[in-house]
Amino acid sequence: QDNEHYGMVVFLKGSEFFNWSYAGFQDAAATVGATTELQGPADWDASAEARAVDQLVAKGVKGIAVTAGDADTLTGAINAAMAAGVPTLTFDSDSPNSDRLLFVGTNNYNAGFAAGKAIGETYGDDARVGVSLIPGLDSINHRLQGFIDGMASVAPGAKVVTEVNDEGDLQKAESVNTAMLQANPEINVIFCAHGNPATGALAATRNVGRDSGDNKVGVLAWSIDAPILLGVDEGEYAATVAQNPYMMGVQSFWALWSAAHPTQFDSLSNPGMGHVPTADLDTGVAILQQGNPAIQALMSPPKL
Amino acid sequence: MSHERKKLRPVTVQYIGLISVTLLIAVGFHFSFGNLLTGANLRVLAMNMVFEGIMALGMTFVIIMGGIDLSVASVFAFAEILVGKLMVQAGLPVIPSVILTVMACGMVGLINGVLIVTLRVHPLIITLGTLLTLRGVNLAITDGRSISGFSEEFLYLGQGRVFGVDIPIWFFGIAALILGLALAHHRYFRQIYFIGGSERSARFSGVNVDRVKISMYMLCSTLAGCAGVMAAAKYGAAHWGHGNLSELKAIAAVAVGGADIMGGSGTIVGTVLGVIFLAVVHNAFVTSAINPFWYDVVNGVMLLLAVLLSRFISARNQRELQSAKQKKLDLNIPKTNASED
Amino acid sequence: MLSATGIYKSFNGNVVLTNVDFNLRPGEVHALIGENGAGKSTLVNILSGNHRADSGVIEVDEVEKSFGHPLEAMRSGIAVVHQELSLVPNATVAENMFLRREITNKFGLNDWRAMTEAAQKIFAQMGVDINPNDLAGSLSTGMQQLVEVAKAVSLNAKYVFMDEPTSSLSEKEIQELFQVVRDLRDQGLGIVFISHKLTELFEISDRITVLRDGQFIGTREIIATDAEEIISMMVGRHLGDLFPPKASKPGDVLFKCCGLAAFGTVADVSFEVRRGEILGVAGLVGSGRTEAMRALINADPRLAGTFELNGQEIEIKDPADAMRQGIVYVTEDRKQSGLFLNFAIDQNISVSTLSKKSGRFGLTNRTEIAQSAETFIEKMDIRPRRPDARVLDLSGGNQQKVLLSKYFEVDPVLMIVDEPTRGVDVGAKALIHQRLRDLAETGAAIIVVSSEMPEVLGMADRVLVFRAGRVSTILDNHNSSLRQEEVMAAAIE
Amino acid sequence: MLLSSRQFWLAALNLGVIAVIGFLRPDTFLSWINFKAILTLMSYDVLLAMAMTVVLIVRGLDLSVGSVLALTSVVLAMLLRDGVPIPIALAISLVSALLCGAVNGFLVVKGRLLPFLVTLGTMTIARGIATVLTTGQYVSFPHATRWFSKFARYEIDIPIGGSAYGVPVTLLVTLITAISFGFLLWRWAPMRSFFFIGESPDAAALSGIRVERVTFTAYLLSAFFVWIAAVLMTSANKIGYANYGIGSELRALAAAVIGGASLSGGTGSILGTFLGVLLLALIGNGFILLNGDPNWQQATVGAVLIIAVAVDAIRRIRGGSE
Ligand SMILES: Nc1ncnc2c1ncn2[C@@H]1O[C@H](COP(=O)(O)OP(=O)(O)OP(=O)(O)O)[C@@H](O)[C@H]1O
Ligand SMILES: Nc1ncnc2c1ncn2[C@@H]1O[C@H](COP(=O)(O)OP(=O)(O)OP(=O)(O)O)[C@@H](O)[C@H]1O
Ligand SMILES: [Mg+2]
Ligand SMILES: [Mg+2]
């Protein structure tokens, strides 16, 4: 009898964030002797993810956890997987219109809200925020909306001044943020709405000579990469939004495992499958600032 | 007359090599890891490469002609987005939307072609320009968001099956058949071998080089457009990131299929074999669950090996030709020895 | 009748043809002659739709025409065998012949068999043995030339232009071609024949038209003129001897080659050359002369061969190595492997001596480069007289002079020149011959590979004859006593 | 003549862009801080575009510059992380970059394969290896000697006129490399042979140039520039990363072509390439300074490329041969 085999599908395969998720997925699987594999493109091409899901179904895995690079693009593949009886859920980035079992991940709006609130509390009505983002990603849009609302909830006078497109590239992030600070000298906070641009944004503050002193631009990162955690600990960044990708992996696995092993109660939403949570699982965020003990814990990334 | 060819042509050798290696990989992986040669997997395998495959068909024509078209990937995404905008946002019915979209993609080819023939700049540069520009346009007109909410009839174009085979695969097969036949035997398409072999000579022989060139770039982007339309139907969504880097996969498939990137040679059969080969390699990787990070490495090595192989075959052929001459030379010892005064 | 009246043509402001009148009757061979750059090829290009004249009238059979594309000229019954071969190497001979006029079956697809047969028929008619299914690229230059003629024949053209068709043919092939040309003329075709070889023109043509510097000088009936008159029309002056006197006294053996072989083309070639001597190399086209010379400097891989220079055994690892030791090879194919077409004259001339001309840190010395270019422009009479003119814009003969200048600049001890005057007019020819002899007089040795028998006989002190990749014999010619027949006999046999 | 007309109009174009943006946003655009940032940030692109230019001149192409950048930075960072002394780590990373260049050069020269295909292959392979080595994660080296992670951003004050301008080491290194290499390419006899090889390899061989050796050298040189970029980037960002330079090969190609290099070899200059990169950088910068829609930012590179080659082509066709 072969081991049970589960698959995880991501975009930007190999990014530190998804490695955390996969580590959680793998570790959870190991406790019941199941095996796992990681599939997906190394870039943003969500259609490649859809194909990877198809592939895993054809291969006959017991369950699939997928992070939807684009919600709509993955709908078809997820539906097909579910129709074929393979329990499939989304994590980190949802595909809400699909038949997925559930979504495991950060509620991006809530996370953005928390981040916005933290900025509002620190800077008050004086906060003038520049946002570094990749346009068009649903998760990022939700974060931004949450951020705006969260900030407004404590500091109604604070404002988001402008947005720039960093294309998810470190180098690019540095140039566009530098230009943004040049063009808008009133900006005193850069909100990095996703993982990649933080180092670039920080470098940008240095480029315009505003990395220290009274006029310092605070950079709010959205990442748990080691260099950024180090930077937070040294006070270079104002803070970082730490999601819990490891837990996303762990929870994803358990949900899939439960779905694949029916108990005396059927799944409420997908009869015939095992019992899984009927609502999305929010793995939460922590806003880490200098001195937070969690930083040390996160500093050693998982080995795969 | 003794004017018949007895020898295997180098391309034939390459095809046989390609087929055997493909089979070897498929069977080898099937028996070591199971489930490669199952119906479900073969379907996934085919669907995995089919859009790149369709682009590779068009690319074959352009490459034989001595050109190249990097813009297909962005045309592909552009077709998805345009068909989405026309249907979902403008509310046009399926057929006019599809026709308009494919025509618009043909127009991109027209622009490519016209720029290439009037500016006389290397096609790599021009199509790089259109690739980057159109990608930016795709991003801008969608705000980076995907478009979805297609009608059922439209989705049939990507998800429907006839005799158990998906429509895009039918499209690929039929297009390959028709284009393959045309390329091998139709006078209009034969001209591109002449253009690829020597543009100057083609012109002197009465070939309307500019027109043929433009039409081939149009063919290439029209096919990319068709692929894009079907992809939108297949995924039920249009997104600017779809098909990223597929231009390189399409070119690799053509190159693996034995076409000369400098122009003048190549066939549809070769391209189809190249597409299948790359699809099988990719699939073998996934089904075997070898560390997927290695996939790129192996893919690159495969490309290099394939072009090295075709190089080797043509070198060997050359050598055989020389050997025959050498034999003649050895027999032909002059009666009078070289005499010095 | 095909007639052109008052043709003007300029390229980027450079006037190339002014007020040229030319006509061609059916059933005649009309020779066109003139120095390099006189505008012959340009005239052909205009009449065949490849270029458009700035002004002037072209009439075909009394109907005024304006060709915008070669295809339109083809439709009016005009076919061209271009100066540079224009077959596509990786298509078959038959496909090349029938391009754009394919025979198709009822599905509109090409009928390969019918085309092969049609091609075979034409070849049989012409009496040449070429397999229509061979790739055009696998044929020798001469064969390809004949295919082009066959193509013109198959077009049922009424007017055929041949732009220097004989420049790369052997005597035998030339005679074959002439036979074909005469047959065509007798069938009522009008043929324009361009060549720099006067003897040929007198042999084949009925009328002759002379161009000089883009101007129409005159048309003569061939029986009513002679070489003297034509040459003076061409150059506008009297011409001295075409060949300089032979070597006064050959010196010691300079270079010795033993057992040279190249895979599949050349076997067991041995010879020696002396200082001050010009060694001619004759043979049929495809007899391996070029291959032997390229193998000598290892430009193409050499199979065997040992060399001695000044009595010392030497190795020649590659062309650069050869050049370092003073041995240079001047290619027969100036466009492909001779010149840097997009670069200026001075750049081309100084390429091999850049390091020598550069100062302490290897930095190039621009004044010296320009100066040496000017010296050669003077010495070789290169036109235009501007060191910064792009070589691509030069006529064939001037390009050849630039090519030779590059190697003269190296001060070689052994200079191997392959077809030194291919496609070069008489005036330039005499100059090139004189310069080669001048170099020999300084104590260098020169090997002249040529398909033009008069050139070999006129230049060489000794003649090495190739046959089928081997040395057939070496003949003495010190007192210019060698006759063409002797050489031919050794080459064919 | 120092400036060929190509470089002249490129320089003019750059000045034009500077004038327009400077006119619209004089306060922010026309400041040393802004120029310093633009120039420093384009340094990596300049180095990669130089790498591209060298091989373009010899009628080659190097699509692997971005991947080799990533691989080299990953190798360097991993060595530093594991406590290898900096000089040794630098040397090993240099060797690994040169190895990539050597593979490209070898396959192009000895295998007689097309540079496009060869470097397409090595592009995939190099990034693949970088990803395998790191499983895609950032490689930081917190325990390596501090100066390494500081030097690229260290600013050296250069007094010009009355005031001192702080020039980051990255920019300084790039400028020195570009100027010295540009000069050599222009005047140094051995490097002139690059142009002859690109214009006609056959003719170059018969003119006594060792074509194979020189072509190989061009690929090595290209890898060397990539190495410099990798070292600077690793130091500046304090991490090695397998996704550095994705898509930069196409940007480098675009910049080199805008600067006058051609795929058919024989032309190209470092000044032109520099101006090409500068043009793209200025337009990107102006886009943000003028608060352009970030969505359209990506389309500009392609449009500038097409316009630049079109202008040049029209100039060429109209102006004729000279
Ligand atoms: N496309 C062109 N662009 C610019 N100049 C040209 C072009 N074609 C020909 N010329 C110039 O026109 C003049 C006539 O050239 P043409 O080739 O007609 O001479 P030709 O008589 O055929 O000489 P040859 O005997 O050397 O073949 C030359 O000076 C040549 O440099
Ligand atoms: N009849 C033929 N059929 C096919 N190939 C031929 C024929 N004759 C010659 N060749 C090829 O054409 C090439 C020309 O040979 P090569 O250049 O050595 O001859 P050559 O004596 O230097 O003549 P030339 O330089 O005048 O053309 C050789 O590669 C030879 O194999
Ligand atoms: Mg001519
Ligand atoms: Mg020869």
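Leaving aside residues up to four places away in sequence, Thr60(B) touches Val254(B), Thr267(B), Ile268(B) and Thr271(B), a contact being heavy atoms within 4.5 Å. The model is predicted, local features need pLDDT of at least 70, side-chain atom pairs count only at pLDDT 80 or more, and totals for chains, interfaces and linings use all residues. Residues are numbered from 1 along each chain as its sequence is written, chains are lettered from A and ligands numbered from 1 in the order in which they are written, and side-chain values use heavy atoms, without hydrogens and water.

Thr60(B) lies in helix 2 (residues 39-64) of chain B; helices are DSSP runs of H or I with at least four residues, strands runs of E with at least two, numbered from the N terminus. The side chains of Thr60(B) and Thr271(B) make a polar contact at 2.8 Å. Such a contact is a pair of N or O atoms within 3.5 Å; within protein, one must be able to donate a hydrogen and the other to accept it, and residues adjacent in sequence count only if both atoms are side-chain atoms.

Relative accessibility uses a 1.4 Å probe and protein chains only: buried is under 20%, exposed over 50%, partly exposed in between.

| Residue | Relative accessibility | Class |
|---|---|---|
| Thr60(B) | 0% | buried |
| Thr290(C) | 16% | buried |
| Glu332(C) | 23% | partly exposed |

Among the five pairs of chains in contact, B and C share the most contacts.
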